[in-house]
Amino acid sequence: MTDTNDTDLPDNWGRWGADDELGTLNLITDEVRARAAAEARTGQWVSLAQPIAPDAMFFSPFAPETAKASPVQQMVSHSDGPVAADLSLVYHHHWHSTHLDALAHWSTGDQVYPGRPREQVVTPFGITHASTTAFAAGIVTRGVLLDLAVEGPLPPAYEVTSRDFEQAEERQGVEVCSGDALVVRLGWTGSGRHGTPSPGIGMDAIRWMHRRGVAVVAPDRGDAIPPLAPDAPSPLHAVALGRMAMPLIDVPQLDDLAELCARLERYSFLLTVAPPRIHGLTGVPVNPIAMF
């Protein structure tokens with residue numbers, strides 16, 4: 001069962017100082033990046049992002065999950081000459097948009113990592129600390145896919161544990177190391193099937209990530225809906241993102257990656273994540289690229 005005791009949850013507040021905004025990205029050292037670069041040997045690559053088809057601007061990006069609304073609303077304007085331009089409204093935390101969550105996306109009580117008052121961080125004019133500013137240089141590290149859906153999507157309400165991770169490591173002949181990006185395939189991209197309880201990553205698995213020194217996590221289905229333990233903090237958002245300060249690549253599309261990994265019989269790769277250099281946001285759409 002999921003651990004509901006939050007008194008000893010993994011926590012990185014203070015680990016890298018009172019002014020830190022990188023969180024576990026600090027674990028991606030030059031040595032880690034050099035090891036990651038050595039993974040690019042064949043030139044084959046694949047995107048981990050969901051494709052987005054914009055809607056016209058008059059649709060609402062805040063429609064309920066049951067509505068087929070796009071995370072991008074678009075208005076196109078044409079000039080008298082050859083140039084066309086458009087204006088887009090983007091919802092950064094949408095189920096149908098692969099996005100990178102900044103650490104300020106989730107507060108712990110009335111504080112934001114690593115202990116700043118939330119009222120000083122989350123302002124009407126933008127995020128003043130632990131925002132997408134931390135991603136300005138991009139993220140380059142070794143990615144490791146642990147494919148838990150080899151025999152099909154995990155069953156509804158299934159709790160992913162450290163045992164699932166270690167069995168996948170043994171099955172695939174790979175090991176998750178400090179500074180790696182952990183990519184987890186449950187076979188439930190985004191919100192999954194409406195009205196059906198989804199599987200999710202449990203607290204035991206989060207503790208395992210902390211012990212292994214995972215720098216970034218990218219699961220196709222993260223926190224279960226409804227929660228596996230309703231009275232406990234959400235493992236992925238409240239603990240991994242909020243307490244451990246681990247950036248989250250939310251709702252990636254991993255089927256193409258799993259197919260390529262299986263064909264190459266390789267489950268580690270060079271992962272590059274280069275979001276727009278837009279500061280002061282809680283998250284941003286992103287197109288992660290895995291290179292083999």
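Reader: Which residues are exposed on the other side of helix 6?
Author: Glu259 and Arg263 are exposed there. Exposed means over 50% relative accessible area, buried under 20%, partly exposed in between (1.4 Å probe, protein chains only). Helices (H or I, at least four residues) and strands (E, at least two) are DSSP runs, numbered from the N terminus. The model is predicted: local features need pLDDT of at least 70, side-chain atom pairs count only at pLDDT 80 or more, and totals for chains, interfaces and linings use all residues. Residues are numbered from 1 along each chain as its sequence is written, and side-chain values use heavy atoms, with hydrogens and water left out.

Reader: And which residues of helix 6 are buried?
Author: Leu257, Ala258, Leu260 and Cys261, in a helix spanning residues 255-264. They cover an arc of only 165° around the axis (directions from the helix axis to the C-beta atoms), so they sit on the same side of helix 6.

Reader: What covers them?
Author: The cover includes strand 1 (45-47), strand 10 (139-147), strand 12 (181-185), strand 16 and strand 18. Contact means heavy atoms within 4.5 Å.

Reader: Rings now. How many aromatic pairs?
Author: Three in the whole structure. Rings of Phe, Tyr and Trp (its six-membered ring) pair if their centres lie within 6.5 Å; planes under 30 degrees apart count as stacked, over 60 as edge-to-face, the rest as tilted. One of the pairs is Phe165 with Trp208, tilted, 4.9 Å centre to centre and 55° between the planes.

Reader: Are those two buried or exposed?
Author: Phe165 and Trp208 are both buried.
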